[in-house]
Amino acid sequence: MEHDVVVVGGGCVGISTAYHLATRTDLDVGVVEKEHHLAVHQSGRNSGVLHPGFNYEPGTQKAEFAVEGTRRMKAFCAEHDVPCEEVGVVVAARTRTEERRLDELAAQADANGVEATVVGRERLRELEPEAAGRAALHCPAAASVDAQQYVYALAREAREAGVTVHLDTRVTGLERTAGGYRVATDSGPLDAGVVVNAAGLQADRIAHSVGVGEDYRVVPFRGEYYEVTPDRRGLVNSMIYPTPDPELPFLGVHFTRRADGSVIVGPNAVLAFGREAYENTDVNLGDLRDALGYEGFWRLFASPKMVRVAAVELGKSFSKPRFAAAARKLLPALRDDDLVPSYAGVRAQVVSRDGDLVKQPLFVEEERAVHVLNAVSPGLTCSLPFGEHLAERVETLV
Ligand SMILES: Cc1cc2nc3c(=O)[nH]c(=O)nc-3n(C[C@H](O)[C@H](O)[C@H](O)COP(=O)(O)OP(=O)(O)OC[C@H]3O[C@@H](n4cnc5c(N)ncnc54)[C@H](O)[C@@H]3O)c2cc1C
């Protein structure tokens, strides 16, 4: 079996790359996915929020992709009957310091061309009567999407444009050949002119196997969610976020009204004992050894602030009252009983050998391969322009 291009990974990034390659070129494209379904890992286990770009530094690729991705995904969902609701978001400020930060966010939104307004307490009460806060940033363009249905709709389009999707097929190795790569899989080899490695939580391992990206490694962080019971969903109209602390890597628990009308709370950010460890009791010794044997991991946790945050997040993972207490800072009327445990996702948080969290999309090009080392959040929002960008890069390699 051979393809001009083999894409490893049936998440939103891999499928978007395959879709754009098939619709822009005559190349024969195959997607290889180890699971029986698409979007089983990060692409199907996220908050499903289209982040319109108010909180990303202007001029960065992340800001550019988020702004364009939000616009394009809304249009795609409308055209393909994928549930997508433009519910908007309020970023609530509870202190004077946070209020000042809202002005910075509003300026960032402006620079990124995103509509966002700082509103006072009264307007916040109209938008979200139960939210805590003295002021808020209101961004009406934020939306909730059904991420799995989106990936399936995109895959349908890709297949119609000629892409072959090989499910239940795990890539076990890459070997350079005269014409590109021989991709070893547990269902037999595939020959590829070019390989796109979009394997998410496992992408660094595939890249390292051919000597690429060795200064970066995935450190898995689990994000756990609770759902608000149906009779109490009325506490939240849209999405309620805390004001981000620029010194912390993750936002902290927040409220999201999903495209199906349910309301989820989370995610937290717990160091996971495995790259696909969706329960707090799941342990994968190989993954754990990998993380603990990495100097970047120890440099990251050399900071007392990171250790403190990790301990607090772990507490929220094992104690529902602590999780609920964190959520109550944004929604004081919330009771512990209003929450039922829901799903979890694991973020492929890329950490450099120096111990820095890599915050921008990162891919490395070789002569006959593109390795997506960091499809950082909001990778779902960014997936259409990011996949198109990767497809453009592949076109220069074939
Ligand atoms: C908890 C959480 C909340 C998030 N919330 C949001 C949000 O609200 N909005 C947003 O825009 N983004 C969000 N994100 C980020 C977003 O989900 C990711 O950036 C995006 O899904 C990454 O997509 P991907 O295709 O790179 O990875 P994945 O979806 O992980 O896909 C990689 C695929 O590769 C496959 N694979 C791995 N190894 C192999 C192998 N050896 N052989 C074959 N196949 C292999 C895997 O099975 C998987 O299907 C969130 C992420 C998490 C974890």
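## Domain arrangement

The centres of domain 1 and domain 3, taken over C-alpha atoms, are separated by 27 Å. This is a predicted model, in which local features need pLDDT of at least 70 and side-chain atom pairs count only at pLDDT 80 or more, whereas totals for chains, interfaces and linings use all residues. Residues are numbered from 1 along each chain as its sequence is written, and side-chain values use heavy atoms, with hydrogens and water left out.

The domain assignment of the chain gives domain 1 as 2-44 + 148-215 + 359-395, domain 2 as 89-140 and domain 3 as 217-237 + 246-352; such bounds come from an automatic or database domain assignment.

## The interface of domain 1 and domain 3

On the side of domain 1, 13 residues are in contact with 15 residues of domain 3, contact meaning heavy atoms within 4.5 Å. Between them, domain 1 and domain 3 bury about 1200 Å², of which 43% is on carbon and sulfur atoms; buried area here is the accessible area (1.4 Å probe) that two parts lose on being put together, summed over both. In domain 1, the residues that lose the most area to domain 3 are Leu201, Asp204 and Arg205, which together account for 42% of what that side buries.

Across this interface of domain 1 and domain 3 the rule finds 4 salt bridges, a salt bridge being a side-chain nitrogen of Lys or Arg within 4 Å of a carboxyl oxygen of Asp or Glu. The rule also finds 10 residue pairs in polar contact across the interface of domain 1 and domain 3, both residues being at pLDDT 80 or more. A polar contact is a pair of N or O atoms within 3.5 Å; within protein, one must be able to donate a hydrogen and the other to accept it, and residues adjacent in sequence count only if both atoms are side-chain atoms.

Helix H6 (203-209) and strand E20 (369-374) are the elements that give two or more residues to the side of domain 1 that touches domain 3, where helices (H or I, at least four residues) and strands (E, at least two) are DSSP runs, numbered from the N terminus. The residues of that side of domain 1 divide into 3 nonpolar, 5 polar and 5 charged, with Ala, Val, Leu, Ile, Met, Phe, Trp, Tyr, Cys and Pro counted as nonpolar, Asp, Glu, Lys and Arg as charged, and the others, Gly among them, as polar.

## Salt bridges

The structure holds 28 salt bridges. Lys34 forms one with Glu276, where the closest N and O atoms are 2.8 Å apart. Asp290 pairs with Arg217 in another salt bridge, with 3.7 Å between the closest N and O atoms; because Asp290 lies in helix H7 (residues 285-292) and Arg217 in strand E13 (residues 216-228), the pair ties together parts that are 73 residues apart in sequence. Asp290 counts as partly exposed at 24% relative accessibility, on a scale where buried means under 20% relative accessible area, exposed over 50% and partly exposed in between (1.4 Å probe, protein chains only).

A salt bridge also links Asp245 and Lys305, the closest N and O atoms being 3.9 Å apart. Asp245 lies in the loop between strand E14 (239-242) and strand E15 (254-257) and Lys305 in helix H9 (residues 304-318), so this pair ties together parts that are 60 residues apart in sequence. Asp245 counts as partly exposed at 34% relative accessibility, and Lys305 counts as partly exposed at 28%.

The side chains of Arg353 and Glu295 meet in a salt bridge at 2.9 Å, N to O. Arg353 is placed in the loop between strand E18 (339-352) and strand E19 (362-365) and Glu295 in helix H8 (residues 295-300), so the pair ties together parts that are 58 residues apart in sequence. Arg353 is partly exposed at 26% relative accessibility, and Glu295 is partly exposed with a relative accessible area of 33%. Salt bridges that share partners join Arg24, Glu68, Arg72, Glu388, Glu392 and Glu395 into one network.

## Backbone features

A cis peptide bond joins Gly266 and Pro267, with omega about -5 degrees, and Pro267 is found in the loop between strand E16 (263-266) and strand E17 (270-271). The peptide bond from Ser377 to Pro378 is cis, with omega near 10 degrees, and Pro378 has its place in the loop between E20 and helix H11 (379-395).

Asp81, a residue other than glycine, has a positive phi near 60 degrees; Asp81 lies in the loop between helix H2 (61-79) and strand E4 (84-85) and counts as exposed at 68% relative accessibility. Phi of Asp168 is positive, near 55 degrees, and Asp168 sits in the loop between strand E9 (164-166) and strand E10 (171-177), where Asp168 counts as partly exposed at 40% relative accessibility.
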